[in-house]
Every structure is written in structure tokens, then in C-alpha cells.
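Visitor: I have just opened this one and would like a slow walk through it. Could you take me around, please?

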Amino acid sequence: MGEVIVLAEHRGGEAREITLEALAAGRKIAERTGLKVAALVLGSVVERVAEQLSEYCDTVLLTEDERLAQYHSENYQRVISHIVRERRPRVLIMGHTSLGMDLAPRLAVELGFPLITDCIDVEFADGRIYATRQMYGGKLNARVSARRAEGYIVTVRAGAFRPGKAAGRGVVARVAPPDLVGEARMRVKGVVAPAESGVSIESADVIVAVGRGIGEKINIPLAEELARLLGGVVACSRPIVDKGWLPPDRQVGSSGKTVKPKLYIALGISGAFQHIMGMMNSQLIIAVNKDPNAPIFNVAHYGVVDDLFKITPALIKKIKEVKGMK
Ligand SMILES: Cc1cc2nc3c(=O)[nH]c(=O)nc-3n(C[C@H](O)[C@H](O)[C@H](O)COP(=O)(O)OP(=O)(O)OC[C@H]3O[C@@H](n4cnc5c(N)ncnc54)[C@H](O)[C@@H]3O)c2cc1C
């Protein structure tokens, strides 16, 4: 019986959310085909991650080697291609993350497997992989397939698959790494963590997020006042970080943080899919945007089509009234 292998991503001894999502994609394929699902965990001391993931799949393939302690494309490629040649999975799944985007094309070329990237849905039928990908900034969904091949690689978009519930206990199987002695052309000299602003948008219950519609840096205190009154914090879309108006740890989206607050207020954010991916699982989304066709309204529970500089002060005034503040 064949297999779907899902490459695990982990940080600080914990599997990342994208791993559980990619396992859900693997499980979806398995349900229709009877293929088994295996998680592949590479690292130095990562048995805990393997134990955690054993709840979500049939097998965990655990390869520990101190040279795998940090992500290293050449070493990872060497180990994964070795394991794929040994186990001959039908599908190899990775997150469409920095790691997946770096590794998947390398492996596809080396193994001669077709690669479909950034999938929001996957299906395996008649011995072929089918996937759904978004086009034109999310305006169209395209169902694509790849030429018939021995194996396929897909990368899945964060947020596209709902992680399954921990169910059952998979077997953890240790897999010895291949020889990594060869001179790697690349050396990881260290890992630089981004500067933290001391505010954790990931654990906040209330987020007031600002986008380019905020206009200028001097307007951000308006959002901060609203956030303060609601007991929340200010987050933002990527252009605000690019302009240096807020630090990188406030960015929500595919290249920022994923947040799930009870309340997410989006002020002047258009709703590009890269942003939506980071906030769509918020419990209540309220969007304020001048443009009635802004895609943010597709995910908002309540939408206000108006100028944020009119709506935000009015909201602040109302909250102060309700709280009996001047
Ligand atoms: C690889 C990659 C990764 C990315 N990662 C991220 C990410 O993690 N997070 C992210 O956010 N983006 C990300 N982006 C960028 C993303 O594609 C969008 O460009 C970005 O989200 C747009 O930000 P915005 O909505 O603030 O700006 P815009 O798209 O310019 O939208 C501004 C909105 O404000 C509205 N507006 C203007 N003035 C007012 C006003 N006075 N009152 C009310 N509404 C007003 C406008 O109608 C408009 O809809 C990424 C892009 C790439 C290519």
C-alpha cells in the first residue's frame, strides 16, 4: 500500500500549525485512496514533535541528526530525497511556507516529480493528483493536474485545510539519515529572531488592524486609542510594516502572524488573500473600508462602507459614552 508523506515543520519543540493543516490535506487524500499518511520529522532533538504528530497520522518517520538542528536546504534535500527513494510515496506534501517554497522545487527537480504549489485543495484520483490553486489575487480558482508520474509534490497554503482532531496513535519509526558528510555549499551561521515590540498580537482577544487606508503614520494613534478602549492591541497589513510605521511583529498575514482574536476590526485594509490568510479565523470581523468592492467584505461579518476617519472617532466617542468617560 502506498503512502502520503507530510514534511513536518516545527519550532521550539512544537509542530507548527501548517503541519497539522498539511496532515489534514494528506488525510483527505488517504480517505479516498486508502493510502497511509506519514509525517516526516527532521531535526536534532525532536522526539516530542514526533510524539505530538503521532496523534494525527499512521506513522511518524523520525530522523534525528545534529546537522538537521537548523533548517538547511542541502541537508534537508539530501535526507528527504533519500527517504522518498526508499519509501516511494505517491504524494509528498509540504506547507507553502518559506521552507516549503525553498525545498519543494529542489526536490521536484532532483526526483523528477511534478510539483503543484500553493494549493487550497487537493484530490487524488485515477492515479493522478488534482489541486485547486487561486489565480489573479484570489479572483479565480483553477483546478489543475500534473502529468502522470510515480510521485507528486504539493505545497499547501496556510489556512486552507482545517487541522484534524488528534485521534489514535501512529507508530513512531526512527529512520537513519543518509550520509551527510559531503561538503555542503551552504552554512547556517546563526538564526536572527525578529525584534519584538513586547506586544503579542497572537494572544490578543481584540485586534484593531490598520492598512494603507490609515494614510500616514501620525494617524496610527487613532487606532491605538480604539484598541486601548476595547482592551486590545494594534496590528497591521504588510505595507504598514514596509513603511516602518509599525514593527514586523504586528503584521498579520501569510508572511506575518496568524491571529484568531474574538474581535478583529480592519480599518482601511483591502483584504488581499495574503492578509486574509492571517486573520480569517477570527471570531468576529468588522471591516471599515471606503470601497464597497474591497475583498475584505467577503470575510467580514459586519462591514461599514465609509471613511475610517469618520467611523473610528465616532466609535471612540460612543465607547467613551458607554463607559462614562469624557
Ligand atoms: C509574498 C507576499 C507576501 C505577502 N504577505 C502579506 C502579509 O503577510 N500581510 C499582508 O497584509 N499583506 C501581505 N502581502 C501584501 C498583500 O498582497 C497586499 O498588498 C497588502 O495586504 C495590502 O495592504 P492594504 O490592504 O493595507 O493596502 P491596500 O491594498 O492599498 O488597501 C488599502 C484599502 O484602504 C481603503 N481605504 C483608503 N482610504 C480609506 C479611508 N479613509 N477609509 C476607509 N478605507 C480606506 C481602500 O479602499 C483600500 O481597500 C504580501 C504580498 C506578497 C507578494
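**Aromatic pairs, core and surface**

Guide: Y76 is buried, since its relative accessible area is 5%, where buried means under 20%, exposed means over 50% and partly exposed lies in between, using a 1.4 Å probe and protein chains only. This is a predicted model, in which local features need pLDDT of at least 70 and side-chain atom pairs count only at pLDDT 80 or more, while totals for chains, interfaces and linings use all residues. Residues are numbered from 1 along each chain as its sequence is written, and side-chain values use heavy atoms, with hydrogens and water left out.

Visitor: Okay, and how are the rings of Y71 and Y76 arranged?

Guide: Their centres are 4.9 Å apart and their planes stand at 80 degrees, so the pair is edge-to-face; rings of Phe, Tyr and Trp (its six-membered ring) pair if their centres lie within 6.5 Å, with planes under 30 degrees apart called stacked, over 60 edge-to-face and the rest tilted. Y71 is partly exposed, with a relative accessible area of 26%.

Visitor: How many aromatic pairs does a search of the whole structure find?

Guide: The search finds 2 aromatic pairs. The rings of F124 and Y152 are also edge-to-face, because their planes are at 75 degrees, with the centres 6.2 Å apart. This pair links distant parts of the chain, as F124 in strand β7 (residues 115-125) and Y152 in strand β10 (residues 152-156) are 28 residues apart; strands (E, at least two residues) and helices (H or I, at least four) are DSSP runs numbered from the N terminus.

Visitor: Are those two buried or exposed?

Guide: F124 is buried at 11% relative accessible area, and Y152 is buried at 0%.

Visitor: Switching topic, which residues touch the most other members of the largest nonpolar core?

Guide: They are I29, L53, I93 and I129, in a core of 36 residues; a nonpolar core is a set of buried Ala, Val, Leu, Ile, Met, Phe, Trp, Tyr and Cys residues joined through side-chain atoms within 4.5 Å. Helix α1 (residues 17-33) gives the most to this core, with 7 residues.

Visitor: And what does V122 touch?

Guide: Leaving aside neighbours within four places in sequence, V122 has contacts (heavy atoms within 4.5 Å) that include A25, I29, V154 and F161. V122 is in strand β7 and is buried, with a relative accessible area of 1%. The C-alpha atoms of V122 and T132 are 6.4 Å apart, although the two residues are 10 residues apart along the chain.
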